[in-house]
Amino acid sequence: MYKITNNLLDINPNQYLMPGHSQTRSNHPHKYRQISTSHNYYKYSFFLRTIAQWNRLPSNVFVHNSLDAFKCALQDINLTTAPFRHLQ
């Protein structure tokens with residue numbers, strides 16, 4: 001998602017992702033609207049599975065301006081605990 005959001009891949013984020021509705025103290029400006037579907041072929045797609053985890057990331061991981069720095073910031077987050085646990 002970082003690469004797509006920062007145009008590091010040849011994927012137009014506007015074609016697949018919609019910006020989130022609101023920004024609160026616990027959110028970050030890079031949120032995307034969660035997609036709902038009843039079709040299994042899309043339910044398990046990359047975007048549907050990843051948006052929920054992406055939106056739950058703390059805002060401090062987005063202050064980095066390089067992919068390597070972003071990856072380092074992710075290493076400090078335990079993705080096996082709440083709020084990420086039920087998303088895997």
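**Entry 1: Asparagine 55 and helix H4**

I looked up asparagine 55 and found it in helix H4, where helices are DSSP runs of H or I with at least four residues, strands are runs of E with at least two, and both are numbered from the N terminus. I am working with a predicted model, in which local features need pLDDT of at least 70 and side-chain atom pairs count only at pLDDT 80 or more, while totals for chains, interfaces and linings use all residues. I number residues from 1 along each chain as its sequence is written, and side-chain values use heavy atoms, with hydrogens and water left out.

Is asparagine 55 buried or exposed? I noted it as buried, because its relative accessible area is 12%; buried means under 20%, exposed over 50%, and partly exposed in between, with a 1.4 Å probe and protein chains only. Not counting residues up to four places away in sequence, asparagine 55 touches His28, Lys31 and Tyr32 (contact means heavy atoms within 4.5 Å).

I then listed the buried residues of H4, which are Phe47, Leu48, Thr50, Ile51, Ala52, Trp54 and Asn55. What covers them includes H1, helix H2 (13-16), helix H3 (40-43) and H5.

**Entry 2: The largest pocket**

I recorded a volume of about 250 Å³ for the largest pocket. Of its 13 lining residues, the closest to the centre are Thr50, Trp54, Leu57, Phe70 and Leu74. On a 1 Å grid over the protein atoms alone, a pocket is an open set of points where a 1.4 Å probe fits, with protein on both sides within 12 Å along at least five of seven lines, and lining residues have an atom within 4 Å of a point.

Helix H1 (2-5), helix H4 (46-56) and H5 each supply at least two lining residues, and H5 gives the most, with 4.

**Entry 3: Leucine 74**

I placed leucine 74 in helix H5 (residues 67-75), and I counted it as partly exposed because its relative accessibility is 25%. Its C-alpha atom is separated by 8.7 Å from that of leucine 57, which is 17 residues apart from it along the chain.

**Entry 4: The largest nonpolar core**

Which residues have the most contacts inside the largest nonpolar core? I found Met1, Leu17, Trp54, Leu57, Val61 and Phe70, in a core of 14 residues; such a core is a set of buried Ala, Val, Leu, Ile, Met, Phe, Trp, Tyr and Cys residues joined through side-chain atoms within 4.5 Å. H1, H4 and H5 give two or more residues to this core, and its largest share, 3 residues, comes from H4.

Notes. Grid points are joined across faces, edges and corners, and a volume is the space filled by probe spheres set on the points.
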